[in-house]
Amino acid sequence: MRAQLESGEVPSEIHEVSVFIGTSIYLYKGSWQENTLHGEGKLKHPNGIIEEGTYQYGRRHGLFKITTPFGVVIDCHYDEGKVHGLYKATHHPEGIVIEKTYCQGILHGQYKKTQSRAGVIRETIESTYIDGKRQGCATITRKDGTVITFHYKDDKVHGEWKKVDRKSTRLNS
């Protein structure tokens, strides 16, 4: 992300400034190097999203915390501008937590979405991604103990699915 101050000056030290990135104006407080976000910083987007973390030559690099105006908080890691490793999004008002794993910006690994209310888990969805596509077994577990199991192949449901109650009684034919 190359940045320029509204005045046209090149930023050189840590202070809060309005900067142009692309065609939008952002509010940035943090370190600079060669007219580029570099080092620890906090960037406020025009839509109210705030990201805090480390930039390396204008790209996100390292741990980041991203907060939206809608109550979603994302904790993730970037490697040279791409999400890499565990990505966790928590939406407090709705009780939703999404955890997924990335490899160089591509979903790769476990995916889990949990929805709860008043500390009680209502539903959990789990699956696996390989190179950005859902693969293998996926499950939906509901508060009442019902479990739905199905399989994915190349991001498409593949084969039969099964729904059982908490007593392992099959509920579909």
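Tyr-55 is buried, with a relative accessible area of 1%; buried means under 20%, exposed over 50% and partly exposed in between, using a 1.4 Å probe and protein chains only. This is a predicted model, where local features need pLDDT of at least 70, side-chain atom pairs count only at pLDDT 80 or more, and totals for chains, interfaces and linings use all residues. Residues are numbered from 1 along each chain as its sequence is written, and side-chain values use heavy atoms, with hydrogens and water left out.

**Aromatic rings**

- There are seven aromatic pairs (rings of Phe, Tyr and Trp, the last by its six-membered ring, with centres within 6.5 Å; planes under 30 degrees apart are stacked, over 60 edge-to-face, the rest tilted).
- Tyr-28 and Trp-32 have ring centres 4.9 Å apart and planes at 75°, so this pair is edge-to-face.
- Tyr-28 also pairs edge-to-face with Tyr-55, at 6.0 Å centre to centre and 75° between the planes.
- Tyr-28 is in strand S3 (residues 24-33) and Tyr-55 in strand S5 (residues 50-56), so their pair ties together parts 27 residues apart in sequence (strands are DSSP runs of E, at least two residues, numbered from the N terminus).
- Tyr-28, Trp-32, Tyr-55, Phe-64 and Tyr-78 are linked into a cluster by ring pairs.

**Cysteines**

- The structure has zero disulfides (pairs of cysteine sulfur atoms within 2.5 Å).
- Cys-76 is in no disulfide, and the nearest cysteine sulfur, that of Cys-103, is 15 Å away.
- Cys-76 is buried, with a relative accessible area of 4%, whereas Cys-103 is partly exposed at 37%.

Methods. Helices (H or I, at least four residues) and strands (E, at least two) are DSSP runs, numbered from the N terminus.
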